[in-house]
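User: Could you walk me through how the helices pack in this one?

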Amino acid sequence: MLVELVVFDRSAYELSGRLFPNVQSYIDEQYAADQAVQEYCRMREERFSRVGAAPTLSGALHCTQSTFQEYLLELIRQRNLKNSDVYHGANLSKQHFSKMLSSKNYKPTKNTVCALALALHLDHAGADVLLAKAGLLLADNIRFDLAVRYFLDNQMYNIVEDNIALYENGLELLGTQN
């Protein structure tokens, strides 16, 4: 069992006071249940139009693109980052990051992929591609997803500050898995 004690100083408390209204208003403005279904359908249609219809199941299974792990490593290489920069920036343990890269059947959680997107300083579109590689997407009717979109849209890539804002809004923290 892992127990973490987080103590915030006065500057962190003041920062949360400035971030809370912005994040809350963004979530309120973007919260729409119908949008999630429309977004899912649009992304699914785009994926099938890019791949094209395969005549057989065997053909469809051979049309796979790069895996999540391959794509993540490519992003790290393109940005000239070290693995340690990424897992520290995503608030992930070295062991978790290593397991993610070495296990072929590893399926990351949305929380983990969002933390990685922020650590890689991806924009909204880049984060959507990374999420899609993991079989995930950000929905318009989930408060956590809206908060992550807010961080991406406003280039808020400091995971500690982002987690303070998430905590203030009663949401799950980014990258807290081992």
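This is a predicted model: local features need pLDDT of at least 70, side-chain atom pairs count only at pLDDT 80 or more; totals for chains, interfaces and linings use all residues.

User: Ok, which residues of the largest nonpolar core touch the most other members?

Analyst: Those are Leu116, Leu130, Phe151 and Leu174, out of the 40 residues that make up the largest nonpolar core.

User: And which helix gives the most to this core?

Analyst: That is α7, which contributes 7 residues, while at least two residues come from each of α4, α5, α6, α7, α8, α9 and α10.

User: Switching to α4, which of its residues are buried?

Analyst: In α4, which spans residues 68-78, the buried positions are Phe68, Gln69, Tyr71, Leu72, Leu75 and Ile76. They lie on the same side of α4, because the arc they cover around the axis is only 165 degrees.

User: What covers them?

Analyst: The cover over the buried residues of α4 includes α5 (83-89), α6 (94-102), α7 (110-119) and α8 (124-133). Just after α4, Asn80 adopts a positive phi of about 50 degrees.

User: Now α9 and α10, at what angle do they pack?

Analyst: Helix α9 (residues 143-153) packs against helix α10 (residues 159-168) at an angle of about 145 degrees, and their axes are 11 Å apart. The crossing of α9 past α10 is right-handed.

User: Which residues make the contact?

Analyst: On the α9 side they are Phe144, Ala147 and Phe151, and on the α10 side Asp162, Ala165 and Leu166. By type, the contact of α9 with α10 has 5 nonpolar residues, no polar ones and 1 charged. Phe151 of α9, which takes part in this contact, is also one of the core residues that touch the most other members.

Definitions and conventions:
Residues are numbered from 1 along each chain as its sequence is written. Side-chain values use heavy atoms; hydrogens and water are left out. Axes are lines fitted to C-alpha atoms, for helices over the stretch in contact, and angles run from 0 to 180 degrees between N-to-C directions. Helices (H or I, at least four residues) and strands (E, at least two) are DSSP runs, numbered from the N terminus. A crossing is left-handed if the near helix is turned anticlockwise from the far one by less than a right angle, and right-handed if clockwise. Contact means heavy atoms within 4.5 Å. Ala, Val, Leu, Ile, Met, Phe, Trp, Tyr, Cys and Pro count as nonpolar, Asp, Glu, Lys and Arg as charged, and the others, Gly among them, as polar. Buried means under 20% relative accessible area, exposed over 50%, partly exposed in between (1.4 Å probe, protein chains only). The arc is that of the directions from the helix axis to the C-beta atoms. A nonpolar core is a set of buried Ala, Val, Leu, Ile, Met, Phe, Trp, Tyr and Cys residues joined through side-chain atoms within 4.5 Å.
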